[in-house]
Structure formats: structure tokens, C-alpha cells
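These are my notebook entries on one structure. I set down what I looked up, in the order in which I looked it up.

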Amino acid sequence: MLHKLRQIAMMVEDLPEAIALYGRALGMEPCRTGSLPQFGLDNAVLPAGNGTFVELLAPHSSDSAGSRFLQRRGEAPYLIIFETREYDRLIPHLREQGVRITGETEHEASRSAFLHPASCNGAFLEIIEVTDPTNSWPAAGPDWQSTRHQPGTTQLRQMAIIVNDLDAAIARWSALFGLQPTKRFQISFTDLEIAVLPLNGRDTFIELAQPTSDDSPSGRFLARYGEGIYLTIYQIEDSLATDDHLQTLGSIRFTTSRRTDNYTNLGFNSIWLHPATFKGAFTQLSQVLDSENPWPPAGDDWYKE
């Protein structure tokens with residue numbers, strides 16, 4: 001019932017500074033900037049490729065939810081935004097499942113519902129149905145489809161949510177959204193057990209990840225912050241060229257880059273950017289090496305279904 005992972009929203013302290021960082025590092029430029037007065041936020045929407053987006057949010061009100069989030073959590077991923085094409089079926093189903101819906105909005109071009117993090121393994125979610133046939137994603141503005149600018153990423157591919165119990169989380173996301181994992185595996189060097197769940201549009205994914213060790217970065221993250229959004233994964237064309245570019249910036253901290261071959265046997269190669277220098281967002285940039293499988297993390301046969 002979730003068609004596509006459309007957008008990830010990041011809460012930042014300084015909006016112009018964050019826009020500049022995403023431009024320098026990932027080649028993303030805003031297609032829309034403005035204000036969300038009902039939420040006490042200023043925002044910028046940046047295309048990530050293939051109809052996916054990053055939204056940067058900065059509070060302009062000290063008593064807003066965004067300001068309280070910054071005080072409690074610091075700069076970090078804030079909200080995952082999905083597109084559905086079954087809104088009238090999905091929202092009543094979520095209510096039947098006991099999901100706490102914190103608000104609904106309806107505009108000329110779309111309607112949406114916000115799901116409380118307590119209902120979705122700590123991840124704050126917005127579910128949007130587009131009702132404007134002339135614009136496939138009104139949140140990005142009326143002209144984003146005509147822009148000639150191409151970002152350094154080809155699209156936002158996958159969001160990882162860290163969980164306490166992987167089996168329970170898979171069952172939860174299956175019950176809420178009808179999603180099933182196509183691949184489940186352990187990555188020893190990150191001490192994570194992972195399940196990858198394709199969305200209905202078959203080109204974007206949710207990853208549920210459980211730490212297998214308390215004494216690991218992911219284990220310490222879970223102990224400190226609890227369940228929630230952990231990692232943002234973009235697809236890129238050329239990991240070597242991207243790595244060369246990032247190295248020239250000087251201010252970017254890596255956890256791994258092209259010098260590791262941890263993933264090449266899985267059909268892709270990745271660069272990981274440290275959250276401390278990327279506005280609190282742990283970020284993975286992945287180049288697909290498998291000539292047949294368009295997204296190897298999801299398994300060998302998902303794209304054939």
C-alpha cells in the first residue's frame with residue numbers, strides 16, 4: 001500500500017548552510033524554498049533524482065515541534081515521506097491496526113496523514129496521495145520536472161530504520177503496509193542483521209536493521225536514541241568519481257570510501273559519510289556493480305517478480 005519512498009526530511013539549524021552543504025557534496029540544488037507557517041518551519045526541497053527528494057527543515061519558531069526536536073536530538077533525519085495510491089484503503093486500515101495518526105491535511109493537489117513514531121518503530125512518517133494529474137509530486141513545486149539540473153545522486157533508494165527486534169519489526173511493517181522482505185542478511189563488519197522490503201513501485205526500499213552487538217556504532221546508536229531513522233541510502237553512478245570529489249572538499253568525514261571492498265561481493269560499492277559532518281545524517285552512496293540487478297541489496301530475484 002506504499003507505492004514509493006518519495007522524500008526524506010532533515011531537521012537542521014541553519015537552512016542556507018545546509019543547502020550549501022548538499023550542493024557541494026551531493027550536487028543537489030533546491031527546486032523549491034519557502035515557509036511552512038503551520039509548523040513553524042522554513043524549508044527547501046532538493047531533487048535527488050528519479051522523482052525522489054531531500055527536504056531540509058529549519059525552525060523559525062522556538063516553540064515549534066521542530067525546535068523541540070533539535071533541542072532533544074540535534075540535527076538529524078526527521079521524517080520519511082511515502083507516496084500511496086490507496087489512501088482511502090490505507091488510512092482506515094492503519095487506524096484498525098491501532099496506528100496513532102497525529103494529523104491529516106488536504107490540499108488542492110494532495111492529501112496526507114502523519115503517523116506517530118511510536119507506531120512505526122520510532123520513525124515519524126507522512127503518507128501522501130497526489131491528486132493533481134499534472135504534477136506527480138506537488139511538494140516539489142510546479143516546475144521541478146522541467147529543471148535541467150541533475151544532482152550527483154541518481155535517486156534516493158532506501159531508508160534504514162534501526163529496531164530492537166527484527167522479526168517483530170518485519171511483522172509490524174507487513175501488518176501495516178503489506179510489505180515483505182526479499183532479502184535478509186547479516187553484515188559482520190557493521191554488526192547488523194538487515195531485512196530489505198521493496199515498496200509497491202519496485203524501485204525504492206525500506207531497510208529494517210537490528211544490531212547484533214551492543215558494542216558497535218549501531219548498538220550504541222540504538223541505546224542512545226532508541227528505534228528510528230538510522231541511514232539514508234542514495235544510488236550514484238560512479239563511486240570512484242564521487243569519492244574523488246568528496247575528498248577535495250576537506251570537511252567531509254568518511255566512515256568508509258572506495259578503499260574498502262566490503263560490498264563488492266554483494267553487487268554494489270558504497271561510500272559512507274559520517275553524520276557528524278553531514279548535518280546528523282548517516283549517509284550511504286552506492287554504485288550498482290551488477291549489470292543485471294538494478295538494486296542488489298534487495299536480493300537476486302526481486303526485480304523479476
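Which residue in β8 is the bridge partner of Ser110? I found that the bridge partner of Ser110 in β8 is Val130.

Entry 1, basis. I noted that this is a predicted model, in which local features need pLDDT of at least 70 and side-chain atom pairs count only at pLDDT 80 or more, while totals for chains, interfaces and linings use all residues. Residues are numbered from 1 along each chain as its sequence is written, and side-chain values use heavy atoms, with hydrogens and water left out.

Entry 2, strand β7. I recorded strands and helices as DSSP runs, numbered from the N terminus (E, at least two residues, for strands; H or I, at least four, for helices). Two strands pair if DSSP finds at least two bridges between them. Strand β7 covers residues 110-115, and six bridges join β7 to strand β8 (residues 125-130), the two running antiparallel. Strand β6 (residues 101-106) also pairs with β7 in the antiparallel sense, over five bridges. Ala113 in β7 is the bridge partner of Glu104, and three residues lie between β6 and β7 in their hairpin.

I then looked up burial, where buried means under 20% relative accessible area, exposed over 50%, and partly exposed in between (1.4 Å probe, protein chains only). Six of the six residues of β7 are buried. In a regular strand the side chains alternate between the two faces of the sheet. Ser110, Ser112 and Phe114 point one way from β7, and Arg111, Ala113 and Leu115 point the other way.

I found nine of the nine residues of β13 (residues 228-236) buried. Strand β9 (residues 155-162) pairs with β13 in the antiparallel sense over seven bridges, with Ala160 opposite Leu231. Strand β16 (residues 283-288) pairs with β13 in the parallel sense over five bridges, and Tyr234 stands opposite Leu285 there.

A nonpolar core is a set of buried Ala, Val, Leu, Ile, Met, Phe, Trp, Tyr and Cys residues joined through side-chain atoms within 4.5 Å. The largest has 59 residues, and Tyr22 and Tyr234 are among those that touch the most other members. A second, separate core of 20 residues includes Ile233, Trp272 and Trp295.

I counted rings of Phe, Tyr and Trp (its six-membered ring) as paired if their centres lie within 6.5 Å; planes under 30 degrees apart are stacked, over 60 edge-to-face, and the rest tilted. The whole structure holds 15 aromatic pairs. Phe205 and Trp295 are stacked, at 6.4 Å centre to centre and 20 degrees between the planes. Phe205 lies in strand β12 (residues 205-211) and Trp295 in the segment after β16, so this pair ties together parts that are 90 residues apart in sequence. The ring centres of Trp272 and Phe282 are 5.2 Å apart and their planes stand at 80 degrees, so that pair is edge-to-face. Trp272 counts as buried because its relative accessibility is 8%, and Phe282 does so at 10%.

Is Thr242 buried or exposed? I found Thr242 in helix α6 (residues 239-249), and Thr242 counts as buried at 15% relative accessibility. The side chain of Thr242 reaches the backbone oxygen of Asp238 at 2.9 Å.

Methods. A polar contact is a pair of N or O atoms within 3.5 Å; within protein, one must be able to donate a hydrogen and the other to accept it, and residues adjacent in sequence count only if both atoms are side-chain atoms.
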